[in-house]
Amino acid sequence: MNKAKQLLLFVWHTWYVKYLLVCIIGVLVVGFLDDNSVLAHLNNKQRIQELEDEIEYYEGVNNENKERIRQLDENPKAMEKIARERYFMKADDEDIFVLSDDEEQSNQLTSSDGAVN
């Protein structure tokens, strides 16, 4: 036991062990614990990729909407189609029948809550 203690003291008193220990601790702090660590850098890269994918998606949606606007400006029939489908507008000599499954959805909601119909 005495020889092991002497060996540890000899190693500790050598000048390069202290510098090596400080360097290892510095690398660990910078690599893992700091705000600008390698892990934070990798997380930021992943977040940037997700945001770039989101930008690409919204650019596609924007292009589709621009195309719809262009069609509406050029073709009055397209405007009539949208008015009929979305806003249930009709001509004077027409009748509109709206088929909906709202009742089925409300029945499913009440049955899943445990209430009796």
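Mentor: This is a predicted model, so to speak of local features we need pLDDT of at least 70, and side-chain atom pairs count only at pLDDT 80 or more, while totals for chains, interfaces and linings use all residues. Residues are numbered from 1 along each chain as its sequence is written, and side-chain values use heavy atoms, with hydrogens and water left out.

Trainee: Which pattern does the protein chain follow along the sequence?

Mentor: Helices (H or I, at least four residues) and strands (E, at least two) are DSSP runs, numbered from the N terminus. Here there are 5 helices and 0 strands, giving α-α-α-α-α. Glu54, for one, lies in helix α3, residues 38-74.

Trainee: How much of the protein chain is buried?

Mentor: Buried means under 20% relative accessible area, exposed over 50%, and partly exposed in between (1.4 Å probe, protein chains only). Buried residues make up 5% of the 117 residues.

Trainee: Is Glu54 exposed or partly exposed?

Mentor: Partly exposed, because its relative accessible area is 39%.

Trainee: And how do I read an aromatic pair?

Mentor: You describe it by the distance of the centres and the angle of the planes. Rings of Phe, Tyr and Trp (its six-membered ring) pair if their centres lie within 6.5 Å; planes under 30 degrees apart are stacked, over 60 edge-to-face, the rest tilted. The count here comes to 1 aromatic pair: Tyr57 and Tyr58, edge-to-face, 5.0 Å centre to centre with 70° between the planes.

Trainee: Why does Tyr57 count as exposed?

Mentor: Because its relative accessibility is 53%.
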